[in-house]
Amino acid sequence: NLEVNIANTITKIQPTMYGAFFEDINFAADGGLYAEMIKNRSFEFETPLMGWKQPNSDKHSFNEQSGIATTIKVLENKTNPNFCRVLVNDDKGFEIINEGFRGMGIKKDARYNLSLKAANHNGAIKKIIIQFIDRNKKVLGETIIVPTASDWQSYSAQFTATQTEAKAQLKITFEGTGTIDLDMISLFPEDTWKNRKNGLRKDIVQLLYDMKPGFLRFPGGCIVEGRTLAQRYQWKKTVGDVDKRETLINRWNTEFDHKPAPDYFQTFGLGFFEYFQLSEDLGAQPLPILSCGMACQFNTGELVPMDELDPYVQDALDLIEFANGGVETPWGRIRSEMGHPKPFNLKLIGVGNEQWGPQYIERFKVFEKAIKSKYPKMTIVSGAGPFPEGDYFDYGMQELKKLNAEIVDEHYYKNPLWFRENATRYDKYDRKGPKVFAGEYAAQSVAIASPDNKNNWECAFSEAAFMTGLERNAEVVNLTSYAPLMAHEEAWQWTPDLLWFNNLEAYGSANYYVQKLFSTNKGTDLIAITKDGKPITGQNNLFASAVKDVNTKEVIVKLVNTAATAQEVNVDLKGSKLASKGTVITLTSPNLQDENSFANPKKISPTQSELKLKGETAKMSLPAYSVTVLKIMLK
Ligand code: AHR
């Protein structure tokens, strides 16, 4: 028997209880959520023509004299110094081809917006023909730009794909002879999320939107820290005109070497403004995490000297002004000019990602003092290092407690059993200490970040068991998020991941459906649940938590059966009058190794049924390996 007491609220469930952790890892931004289809659009990658081919300038080709594309660096243009110079030698049509991010996904009858900057020397080039092609060079849609000016000028054109193709490329052919300079060659589907220019992929945002995340953490992860301080994430370089945002090598470029990605760079077309805007669209609180002057301790661990910390602290203060300041403030004005005069209502800010040791604490103190003296209501998220075990973590926690830290970020990438065994992890946490942000977690079927990890059902239901523990401890656990959030099928550095996408499609893993079930049923008030009068500890492989929602007037009980056999349970609900029927949402799959996939994206997804109550009791049969949500209206 499980006993639920609806009358007594233990604590409020924070609206931030279940959120999303975004990091540009696994092609999550460029090549993923950010809908730009051209790789290396402004020729700023380390190898400036990476992603571009010029098949008929190959000296072995029949057409070796037809022309050549090179890049030119203009040092005065600090943030976007390179452009491409194309010399066309004969009129037969010299071409350059962009390969996209592992190809370009195009859809039949969908429209695409092409834009570029060109300087056409003496009007030499008469026509630029732009075409989608497939691997056999078949044309799948085309448009033409006539470059009229000798000086730099922007051009745009729209065209329609005639066929659906996952591996299209963009061919650009020049007619006429002479020289033309090109920069910022950009291609977006017309159909982006909310039809925005410089927009996001609609299908991926929809999956996020459907999760109803309470917060969006960005931009990572290790990416915040950088391998070196110079390569850290600097938000100021990611706002303002898109063509002035400085490209940076991605922290995950070739890292973990499973699928090396030497072509992984950050163009920052998806930058801090866009992250704030996305948070707003999702109804999620923005949670930016900033560098605290320590490069990734798994890489160089480079430290900024304490007397040079000011610019880092200033970045945090300026970010708060960018998000919340009036339009008359310097940074508020930039936000306004970017199209959002209203503040973004930032309440949370993170200092450092997975940093630890005395070096972190001394830097954190400086940030805390500066932020709190200027913005006393801002809540600061700190960290004690990755993996909450071991001396360094205890040291960090003790120091942060002494400082009355508000929220501490904990990360765990552990095996599925760990998640089941740690559902009680927070039962004994000090209710008066810092609140917990379970900021990164995911069950690893093989080992942390192993390329063989799977998003299998055992991992997903083990996380669900653990999440009942997070929820039962909502007094201390205020924010939680699975990590990483998403991965490109052909360009990932880390598994498992919550969502998977390729250039045409995206789907949620079984873990995604677990997250979504908890997030969309988080309720407003935590209420008590016991098993045979005793606290829930995962007895008989049964895990549970209970909430009520004072807005929808429901009681919601989450039950996770991690046993290989079904379990019969009676849920006794006391303390309120109830409707005679309830709704049961079940997520289950017979095999531990089962997974969702592109071929079968909803193999593990929720099903719904009705349940008649016997008086105050819900008699339920919980399938083997299942996550169940019981919802009953209160009268
Ligand atoms: O989620 C992947 C990485 O794991 C994050 O970048 C980092 O914070 C953690 O080590």
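Is Glu95 buried or exposed? Here are my notes, point by point.

1. Let's start with that residue. Glu95 is buried, because 22 other C-beta atoms lie within 10 Å. The rule is that a residue is buried if 20 or more other C-beta atoms lie within 10 Å of its own, exposed if 12 or fewer, and partly exposed in between, with C-beta atoms placed from the backbone. You'll find Glu95 in strand β6 (residues 94-98). Helices (H or I, at least four residues) and strands (E, at least two) are DSSP runs, numbered from the N terminus. Leaving out residues up to four places away in sequence, Glu95 touches Pro55, Asn56, Lys171, Ile172 and Thr173. Contact here means that the C-beta atoms of two residues, placed from the backbone, lie within 7 Å. Glu568, by contrast, is 473 residues from Glu95 in sequence and 68 Å from it in space, C-alpha to C-alpha.

2. Before going on, keep in mind what you're looking at. This is a predicted model, where local features need pLDDT of at least 70 and side-chain atom pairs count only at pLDDT 80 or more, while totals for chains, interfaces and linings use all residues. Residues are numbered from 1 along each chain as its sequence is written.

3. Now the domains. The assignment gives domain 1 (2-12 + 526-634), domain 2 (20-36 + 193-522) and domain 3 (52-189); such bounds come from an automatic or database domain assignment. Between domain 1 and domain 2, the C-alpha centres are 30 Å apart. Where these two meet, 31 residues of domain 1 are in contact with 29 residues of domain 2. On the domain 1 side, β28 gives the most, with four residues. That side divides into 18 nonpolar, 10 polar and three charged residues. For this count, Ala, Val, Leu, Ile, Met, Phe, Trp, Tyr, Cys and Pro are nonpolar, Asp, Glu, Lys and Arg are charged, and the others, Gly among them, are polar.

4. Next, the inside. The largest nonpolar core has 179 residues, and Val4, Leu216 and Val557 have the most contacts inside it. A nonpolar core is a set of buried Ala, Val, Leu, Ile, Met, Phe, Trp, Tyr and Cys residues joined through C-beta atoms within 7 Å. Beyond its neighbours within four places in sequence, Val557 is in contact with Val4, Ile529, Ala544, Ala546, Val571 and Leu630.

5. Which helix gives this core its largest share? That's α9 (residues 457-472), with nine residues. Of the 16 residues in α9, 16 are buried. Its length checks out too: at 1.5 Å a residue, α9 should span 22 Å, and its end C-alpha atoms are 23 Å apart, which agrees. The expected span is 1.5 Å times one less than the number of residues.

6. Have a look at the ligand. It has 13 residues around it, and the closest are Gly221, Cys222, Glu354, Ala483 and Pro484. A residue counts as near if its C-beta atom, placed from the backbone, lies within 6 Å of the molecule. This shell has six nonpolar, four polar and three charged residues.

7. Most residues other than glycine have a negative phi, and most peptide bonds are trans. Yet a cis peptide bond joins Gly220 and Gly221, with omega about 10°. Another cis bond joins Thr495 and Pro496, with omega about -5°. Asn345 has a positive phi of about 60° and counts as exposed, with 12 C-beta neighbours inside 10 Å.
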